[in-house]
Amino acid sequence: MRKVIGIDPGITTTGYGIVEEGESDPEVVTYGTLSPPAKKNTYQRLAHIYDGLYQVIDRFHPQEMAIEEAFFGKNARTAFVLGQARGVALLAATHQDLDCFEYAPRKIKLSVVGNGNASKEQVQYMVKSILSLSDAPKEFDITDALAAALCHLNQIRRA
């Protein structure tokens, strides 16, 4: 069975979710967030994200990682720091021999919701529905990570 970890990278909060192919529908294995202490410097926060993801990967043994591509908004500093968080996530995956796949936020939304301009609430609703969760995770970082994993599974099925 294919097991995929989805990542929604961020320096404040990094969401992760592991989804496994089921007999008919995908099933959630685990999900959560990594939130480095706000008082730490950037390098310590990046180390916290790396260590946390490394431990999650080591514990649950996904074979592949799906991660959101960098989103370049109006703030260059934010984009730069997000790129650093993405980098440590990719490094943690590579150190565990995972194949990594990147998807644009629009592609993830299109794959999961059917609308590339879907709201975070719509993504949250569809993730809950597709994974048959009794309650949707409250943090959008988690639902975005689970959506990335679901998007990857959808892409693999189509290939």
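Modeller: D97 sits in the loop that joins helix 2 (76-95) to strand 5 (99-103). Helices here are DSSP runs of H or I with at least four residues, strands are E runs of at least two, and both are numbered from the N terminus. The model is predicted, with local features needing pLDDT of at least 70 and side-chain atom pairs pLDDT 80 or more, while totals for chains, interfaces and linings use all residues. Residues are numbered from 1 along each chain as its sequence is written, and side-chain values use heavy atoms, without hydrogens or water.

D97 is not a glycine, yet its phi is positive, near 60°. Its relative accessibility is 68%, so D97 counts as exposed. The classes are buried (under 20% relative accessible area), exposed (over 50%) and partly exposed (in between), with a 1.4 Å probe and protein chains only. H61 also has a positive phi, near 55°, and is not a glycine either. The loop that holds H61 runs between helix 1 and strand 4.

Strand 4 (residues 64-68) contains M65. M65 is buried, because its relative accessibility is 0%. Its C-alpha lies 4.7 Å from that of C100, although 35 residues separate M65 and C100 in sequence. Leaving out residues up to four places away in sequence, M65 touches I5, I7, I57, A89, L90, A93, L98, D99, C100 and F101. Contact here means heavy atoms within 4.5 Å.

L53 belongs to helix 1 (residues 42-60). L53 has 0% relative accessibility, so it counts as buried. With residues up to four places away set aside, L53 touches I7, T14, Y16, L34, A89 and A92. K120 is 67 residues from L53 in sequence, and 23 Å separate their C-alpha atoms.

Now the helices you asked about. Helix 3 packs on helix 5 at about 75°, with axes 9 Å apart. Axes are lines fitted to C-alpha atoms, for helices over the stretch in contact, and angles between N-to-C directions run from 0 to 180 degrees. Helix 3 and helix 5 are therefore roughly perpendicular. From helix 3, K107, I108, S111 and V112 make the contact; from helix 5, A147, A148, L150, C151, N154 and Q155 do. By class, the contact of helix 3 with helix 5 has six nonpolar, three polar and one charged residues. Nonpolar means Ala, Val, Leu, Ile, Met, Phe, Trp, Tyr, Cys and Pro; charged means Asp, Glu, Lys and Arg; the others, Gly among them, are polar.

Take S111, a helix 3 residue. S111 is buried, because its relative accessible area is 15%. Beyond four places away in sequence, S111 touches C151, N154 and Q155.

Helix 3 also packs on helix 4, at about 45°, with the axes 9 Å apart. That makes helix 3 oblique to helix 4. Angles under 35 degrees count as roughly parallel, over 145 as roughly antiparallel, 65 to 115 as roughly perpendicular, and the rest as oblique. The crossing of helix 3 and helix 4 is left-handed. Handedness is left if the near helix is turned anticlockwise from the far one by less than a right angle, right if clockwise. K109, V112 and V113 of helix 3 meet Q122, V123, M126, V127 and I130 of helix 4. By class, six nonpolar, one polar and one charged residues form the contact of helix 3 with helix 4.

Next, helix 4 (residues 120-130) against helix 5 (residues 140-158): the axes come within 9 Å and cross at roughly 60°. Helix 4 is therefore oblique to helix 5. Their crossing is left-handed. On the helix 4 side are K120, E121, V123, Q124, V127 and I130; on the helix 5 side are F140, T143, D144, L146, A147 and L150. By class, the contact of helix 4 with helix 5 has seven nonpolar, two polar and three charged residues.

Which residues of helix 4 are buried? They are V123, Q124 and V127. Down the axis of helix 4, these buried residues fall within an arc of 100°, so they line one face of the helix. The arc is that of the directions from the helix axis to the C-beta atoms. An α-helix has 3.6 residues a turn, so residues three or four places apart point the same way. Helix 3 (105-113) and helix 5 are included in what covers the buried residues of helix 4. Just past helix 4, S132 has a positive phi of about 50°.
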